[in-house]
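Please open the model in your viewer and keep the sequence beside it. The tour below moves from one selection to the next and says what is found at each stop.

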Amino acid sequence: LVSRKQQPDDTVVHVGDVQIGGYEKNLIAGPCSVESEEQVREVARALKQQGIRLLRGGAFKPRTSPYDFQGIGEEGLRILREAADEFDLKVISEIVNPSDIDLAERYIDVIQIGARNMQNFELLKAAGSSRLPVFLKRGMSATVEEFLFAAEYIVSRGNSQVMLCERGIRTYEKWTRNTLDISAVPLLKQESHLPVFVDITHSTGRRDIQLPVAKAALAAGADGLMLEVHPDPSVALSDANQQIDIAQFEKFMDEIRQSGLFQ
Ligand code: PEP
Ligand code: MN
């Protein structure tokens, strides 16, 4: 069902009045984790000023270590909803438990399924039965074929509003957090009609190369980018080393617009 052979035309995902895919390029930005009302509002205000409509933030955080910050749960979804309504944005947030899909439908606009859950088949099935669009991230050791089969799980349950996100894969390289598989972008676009995003934050794990990586992603045909923005990354409760602050975000937006690859 996700194959271009089945559907030659690009899928356009509708999130309220926001269109994703087709001729639109979109940006999804926001903090790694929702920490407080003020933190999210500050980022939401910056997005609004830049004309960006999609706000992200993790409320349920699937952390590698059980001792790391796990997110503030439902309260985080509520904070995202309030900030989004104030600044006319749409909310995307990760859900890790099939039984929380109902909760998602009460608060948010797009369900994110993270890299660590790309093959959590019960979660994929539950998201496939939801009325919300799904943002599916590639597993860190998943092949492109496995990634597309994961998307197939969702679409085959009746939910055709699915977006794919390349977020880097595991290799022996240590100077980036993950290795961005840039060739996955044209490959996914060729094989599938679903919109394709690139996460420039988790793929690189560092701030200094995000702009050229973003340009490469758009030049390779990505429909959009995801990046993490925090008012003060140095005190962030997760991913402090890779989130950019609001001034850096504004500079990034100026430069990516100047490139002509993102309008
Ligand atoms: C995220 O986007 O919040 C995240 C945890 O990323 P990933 O699932 O790609 O590691
Ligand atoms: Mn993060």
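In which strand is the place of Lys 90? Lys 90 belongs to strand S5, residues 90-94, where helices (H or I, at least four residues) and strands (E, at least two) are DSSP runs numbered from the N terminus. Before going further, note that this is a predicted model, in which local features need pLDDT of at least 70, side-chain atom pairs count only at pLDDT 80 or more, and totals for chains, interfaces and linings use all residues. Residues are numbered from 1 along each chain as its sequence is written, while chains are lettered from A and ligands numbered from 1 in the order in which they are written.

**Stop 1**

Keep Lys 90 selected: it counts as buried because it has 20 C-beta neighbours inside 10 Å. The rule is that a residue is buried if 20 or more other C-beta atoms lie within 10 Å of its own, exposed if 12 or fewer, and partly exposed in between, with C-beta atoms placed from the backbone. Leaving aside neighbours within four places in sequence, Lys 90 is in contact with several residues, among them Val 15, Arg 53, Ala 84 and Asp 109; two residues are in contact if their C-beta atoms, placed from the backbone, lie within 7 Å. Ser 156, by comparison, is 66 residues apart from Lys 90 in sequence and 25 Å apart in space, C-alpha to C-alpha.

Now select Asp 88, which lies in the loop between H2 and S5. Asp 88 is exposed, because 12 other C-beta atoms lie within 10 Å, and it has a positive phi of about 55 degrees although it is not a glycine.

**Stop 1: helices H1 and H2**

Next, show residues 37-49 as helix H1 and residues 74-86 as helix H2, which pack at an angle of about 35 degrees with their axes 9 Å apart. Such axes are lines fitted to C-alpha atoms, for helices over the stretch in contact, and the angles run from 0 to 180 degrees between N-to-C directions. Where do the two helices meet? Glu 37, Val 40, Arg 41 and Ala 44 in H1 meet Ile 79, Leu 80, Ala 83, Ala 84 and Glu 86 in H2.

From that contact, pick out Leu 80, which, apart from neighbours within four places in sequence, is in contact with Val 34, Val 40, Leu 55, Gly 57, Val 91, Ser 93, Tyr 107 and Ile 108.

**Stop 2**

In soluble globular proteins, nonpolar side chains tend to be buried together.

Move on to Leu 225, which lies in strand S10, residues 224-228. Why does Leu 225 count as buried? Leu 225 is buried because 26 other C-beta atoms lie within 10 Å. Not counting residues up to four places away in sequence, Leu 225 touches Leu 27, Phe 197, Val 198, Ile 200, Ala 214 and Ala 217. Its C-alpha atom and that of Ala 29, 196 residues apart along the chain, are separated by 8.4 Å.

**Stop 3: helices H8 and H9**

Select helix H8, residues 210-219, and helix H9, residues 246-258, which pack at an angle of about 40 degrees with their axes 10 Å apart. Their contact is made by Gln 210, Leu 211 and Ala 214 of H8 and Phe 252, Glu 255 and Ile 256 of H9.

In the loop between H8 and S10, find Gly 221, which is partly exposed, with 14 other C-beta atoms within 10 Å. Gly 221 touches Val 185, Pro 186 and Lys 189, not counting residues up to four places away in sequence.

**Stop 4: ligand 1**

Finally, select ligand 1, which is surrounded by Cys 32, Gly 58, Glu 94, Gly 114, Ala 115, Arg 116, Lys 137, Arg 167, Asp 199 and His 202; a residue counts here if its C-beta atom, placed from the backbone, lies within 6 Å of the molecule.
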